[in-house]
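Please read these points alongside the coordinates.

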There are 4 protein chains.
Amino acid sequence: MKTRISILGATGYGGGELLRRLLFHPAVTISHATSRQHADTPVAKVHRNLHGWTDLPFSNPSTDELLQSSDIIFGALPHGASATTLAPFIAAGKTVIDLSGDFRLRCADAYHTWYRQPHPHPNLLSRATYGLPELNANALAQADLIASPGCFATAINLALLPAAQRGLLQDTPQVVAMTGSSGSGASPSAGTHHPERAQTLRPYKVLAHQHTPEILQCAQDAGSPLAGLAFTPVSAPLVRGILAVVTATLTRPLDDSELVGTYRQAYTPFPHVLVLNDREPEVGPIAGTCSVELRPRLHNPTTLHVLCAIDNLVKGGAGQAVQAMNLRLGLPLQTGLQQPAPWP
Amino acid sequence: MKTRISILGATGYGGGELLRRLLFHPAVTISHATSRQHADTPVAKVHRNLHGWTDLPFSNPSTDELLQSSDIIFGALPHGASATTLAPFIAAGKTVIDLSGDFRLRCADAYHTWYRQPHPHPNLLSRATYGLPELNANALAQADLIASPGCFATAINLALLPAAQRGLLQDTPQVVAMTGSSGSGASPSAGTHHPERAQTLRPYKVLAHQHTPEILQCAQDAGSPLAGLAFTPVSAPLVRGILAVVTATLTRPLDDSELVGTYRQAYTPFPHVLVLNDREPEVGPIAGTCSVELRPRLHNPTTLHVLCAIDNLVKGGAGQAVQAMNLRLGLPLQTGLQQPAPWP
Amino acid sequence: MKTRISILGATGYGGGELLRRLLFHPAVTISHATSRQHADTPVAKVHRNLHGWTDLPFSNPSTDELLQSSDIIFGALPHGASATTLAPFIAAGKTVIDLSGDFRLRCADAYHTWYRQPHPHPNLLSRATYGLPELNANALAQADLIASPGCFATAINLALLPAAQRGLLQDTPQVVAMTGSSGSGASPSAGTHHPERAQTLRPYKVLAHQHTPEILQCAQDAGSPLAGLAFTPVSAPLVRGILAVVTATLTRPLDDSELVGTYRQAYTPFPHVLVLNDREPEVGPIAGTCSVELRPRLHNPTTLHVLCAIDNLVKGGAGQAVQAMNLRLGLPLQTGLQQPAPWP
Amino acid sequence: MKTRISILGATGYGGGELLRRLLFHPAVTISHATSRQHADTPVAKVHRNLHGWTDLPFSNPSTDELLQSSDIIFGALPHGASATTLAPFIAAGKTVIDLSGDFRLRCADAYHTWYRQPHPHPNLLSRATYGLPELNANALAQADLIASPGCFATAINLALLPAAQRGLLQDTPQVVAMTGSSGSGASPSAGTHHPERAQTLRPYKVLAHQHTPEILQCAQDAGSPLAGLAFTPVSAPLVRGILAVVTATLTRPLDDSELVGTYRQAYTPFPHVLVLNDREPEVGPIAGTCSVELRPRLHNPTTLHVLCAIDNLVKGGAGQAVQAMNLRLGLPLQTGLQQPAPWP
């Protein structure tokens, strides 16, 4: 018997990536891909890359219908709306995997500060497991509420995690991370208007991006409480991919071999994380996949410098949510994700 | 004394290009750059390339104020709204240069058919001069209502003009023309959403583009009535530029030297039109300018094949409107337009 | 027992796409991916999208080694070199699938004219089957020498095929087709230099592209001998994809329903060919796959207009070669090709 | 009498930008634009944006011819070759403006270390003036050997200069700077191959870029000796522009108003440097010009964060060299540079 899944809010880019993966996943079957606006039209009308691959339509089922037809609920809804929509499924004991930011922070006050709205269900926050497999593989195998990490947060967390796990980090790491336009979602806006996006580099939310607190929480969970994070996001003129440049002060001097050994060892169970030492990470070759390209180095014995490249919609979004589902179902992490992407 | 000009609807890309040229034009001074939404804010807040170059604000003057302060009115408004807004200035005898499609067609029925709305002032249509300098240089010197050509129409007209002027064209020419995203204007839309525009080629308005009738009218005015035009526009993933590939049946056989001679001779008075014979036209090097790259050839003695490249916003828009103004003012055609663009 | 395949010249983009597909193909195993220059280095050093997915190295085996270890030979070599290198494998009775242009034309004189060199093995030309599954599905099931079609030729052939099969085509169709930069191969050149390619549209080989004769041959094989083909290729600033705009004169008047019915029926056995009627074909959503988006329409009762979009490296290259292999092995056409691509 | 200038090595992108500006500069006339390979062919054959604007050919004059015909020599040659070629003109007392890195460092050992070759004329290093107008306006008015700054160095220097001039900087600033592909020059290479560059972000020369020592020297000259610079350059998929994200430790706490006041005051004499406080710097609107968009802020009272955007070929290259020439000739800084660029 295949596990029955439904995707709430399936018209966005996150929903599209979930569909691309889950329609062909060997262990699941899709009960519903919901959309109020597009109910009864084929998903392939919106996600045109699925034309010819599926006849599945969007639907607009009631909560009861969803409860009866679904074992796992994926939320691909905007912040705020997500927690409200998902609450009944959490209450009913379904496995819920949320791609929004609503369940990533354990602290309701931090949510209020960074998302500029009070959390609609603060009592649920303590029940969530942060869906970063490289941090929480064991916990995810049992989790009923999984908060899939943000795209920038994924890249930055993976850059810091092995050092954080050894208690090597302190102070306020600095990050500059560039992102492709698909990170802004499927709705046209000034920031994604092709004439203005195609030939520019533009910082935004400078030192104020809402992924900041989940990165701090992840470092603390791993073993390195931090004072802060100075994060500069930059809009770049590509479609897919994030490249993060991370600098951090170490708690003690390291040499190259200890550093590389630390990273290699931490990611040995996760072969989709490629720890490079003879070339630089870049986003092109890993776009479309859950692969991670990562290179740690020392600027000096107490200054860590890490480059990390991911696909923002896959490892930084829907693909990572599928990884979390796989762990929850007791499947190998990369089930249904085992295709390298076209390149160039 | 400088000629006083005003630009109605100055927040779009057409308005921005007019400002870039007219702020530095030796013979004119700008009285008003109008915008209801942005009145009293600096134009450089919207047209950020003008930051540091001008303190001019947008304004929202009454018609009377505009009449008193302006010798020439540029209309950079949407179709339909343009004719309505410009009518009082035409009535008052001002020189009006309209960048919209509202005054390009002499036939109100054709306007109704192609623009899907009745013309608001059909009685004004006969007073307009089509603002293609290479066709109407003499008439433009006297014109009080100038209809600046459409972007695609400019490229296709220039590809056909020398042959049309000799009565060489007949039947239904075929055109495929690709355009950059700036042709869609400054408002974000699905067709200009960067994630979807940046790596695709997408035809639109196939055999149904509203520039079709003005191209037929131009060919007829030049001396070659045509049966029709089969025009396929294609959205391409660049910002600026149109490349038109035009094929037409000739009324009699030509040889290469007569063909090239015809084109060279027709464009001798217009040195911004580069008739190439040893490389193909391309849009990159002429982006940002009124230059035209054009190459006529014969596929066989009675089949003409012309490639033509322009910048859609400059020669295909605001720059050509400035050329028309220059002719109206008795100035050299390229006054204020004499800078090659950066390349690459 | 899996079929043993080798890829000769595996470092280019064609070789990379073959590896991406064949490494994960359920019915084959790769014996050799050859490269003189990169022998003994991992293929993932060159095809970085394969990093983490395979340890396969390039190798430089002798012809004897290849003969002993391979059931099927893929040639991904330059024109001219390909026929010379593949001749011994053809002589030995191996199944050979050539991605170059060397075996596409049955006429050695035409090869000499269009490829500007005499054919090194003209006697082999009559043994080749043109590897377009939609034309030659039955013949490919028996073929020992398969000439995989050119990228432009694939798009244009598929646009014309249903009409050609009914004897509906005549005269000289006109084609404008735009291509992404990956069609120029993996070696940097002036035409693919990013600063100059990224914001331009540039025609090349106008009315002189070497895919012309294979398109004429395909139309004739299908049932419609043509007088010629007027083909204008255009370099566009995207990476993957071809969009062809094809116009042809019909031998008799058609109406819309007969036209659409003809195309639908012809492609019923080939569900990867999407015959659209409510939107235009575009390359973005099918990039990375063997899918084809196609829309036939009538400009007038005797003028056919077809838009066709493919991925130049997949359906127009390595993916189509895998389709041909599948037919040769008696497998379903899309075996190993069953994943929609990421989009956007 | 106009000043006679010659450009040595005029076929690259630096040479092209010099020609675009100097052909129309009111105070100079071009004697020679040299190229061995292209001698006697029009410069517009190579710099196609100049087609229709000039008949000037490349030439290959002897040193004597250049000495007799030129008052100012611009060097647009590769590192190493530049110093050797320019030495006789320096010896002869000509005003020499070098766009290469050969005369930027006063220390021959640093040159040897960072450029990986011994300096061919170390004795000349002390005679050079660093051509950053915002640092050295007075010295440049007298300088006979001007070393025009590197593109990255320009952006980073301008980000740090006002703070450096007040002695506010210490330790090792951190920089991440992204660049367009035109910075790699006019010769195709793997790093600028469109299929691989167009959709990736790729760091290179991490913590090892040769502009590092000239940035340290500039900070020291301004008044803030630094311990080092941790600089990560990133290749981004646009053509023109650099965005630098700079973080530095201050020698004493500052508040926002002192910081902004410091930057505003420092750049008051340089109105092409736009110190922003209500939007972020971006490269699009200033591409093609000498304008600089810059935003300083405090991450905390002792941590400075500056964003800086320039055009790498204009303010970061040829345009800045023209600024230096203007100062040397006693002209206003922006003479010949007074056009905003097209945007978008």
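**Notes on the model**

1. Ala236(C) counts as buried because its relative accessibility is 0% (buried is under 20% relative accessible area, exposed over 50%, partly exposed in between, with a 1.4 Å probe and protein chains only). The model is predicted: local features need pLDDT of at least 70, side-chain atom pairs count only at pLDDT 80 or more, and totals for chains, interfaces and linings use all residues. Residues are numbered from 1 along each chain as its sequence is written, chains are lettered from A and ligands numbered from 1 in the order in which they are written, and side-chain values use heavy atoms, with hydrogens and water left out.

2. The loop that holds Ala236(C) runs between strand E9 (230-235) and strand E10 (242-250) of chain C. Helices (H or I, at least four residues) and strands (E, at least two) are DSSP runs, numbered from the N terminus. Leaving aside neighbours within four places in sequence, Ala236(C) has contacts that include Leu201(B), Met178(C), Arg197(C) and Thr200(C), where contact means heavy atoms within 4.5 Å. The C-alpha atoms of Ala236(C) and Thr200(C) are separated by 6.7 Å, with the two residues 36 apart along the chain.

3. In chain B, seven strands form an open sheet with mixed pairing, in the order E8-E9-E7-E10-E13-E12-E11; two strands pair if DSSP finds at least two bridges between them. Strand E8 (202-203) and strand E11 (273-275) of chain B are its edges, each pairing on one side only.

4. Within chain B, strand E12 (residues 292-300) and strand E13 (residues 303-310) run antiparallel and are joined by seven bridges. Opposite Leu294(B) stands Cys308(B) of E13(B).

5. Between chain D and chain A, about 3100 Å² is buried, 70% of it on carbon and sulfur atoms (buried area is the accessible area, 1.4 Å probe, that two parts lose on being put together, summed over both). Gln199(D), Leu201(D) and His299(D) supply 18% of the area that chain D buries against chain A, more than any other three residues.

6. How many salt bridges link chain D and chain A? The count is zero, a salt bridge being a side-chain nitrogen of Lys or Arg within 4 Å of a carboxyl oxygen of Asp or Glu. On the side of chain D that touches chain A, E7(D) gives the most, with four residues. The residues of that side divide into 22 nonpolar, nine polar and six charged (Ala, Val, Leu, Ile, Met, Phe, Trp, Tyr, Cys and Pro count as nonpolar, Asp, Glu, Lys and Arg as charged, and the others, Gly among them, as polar).
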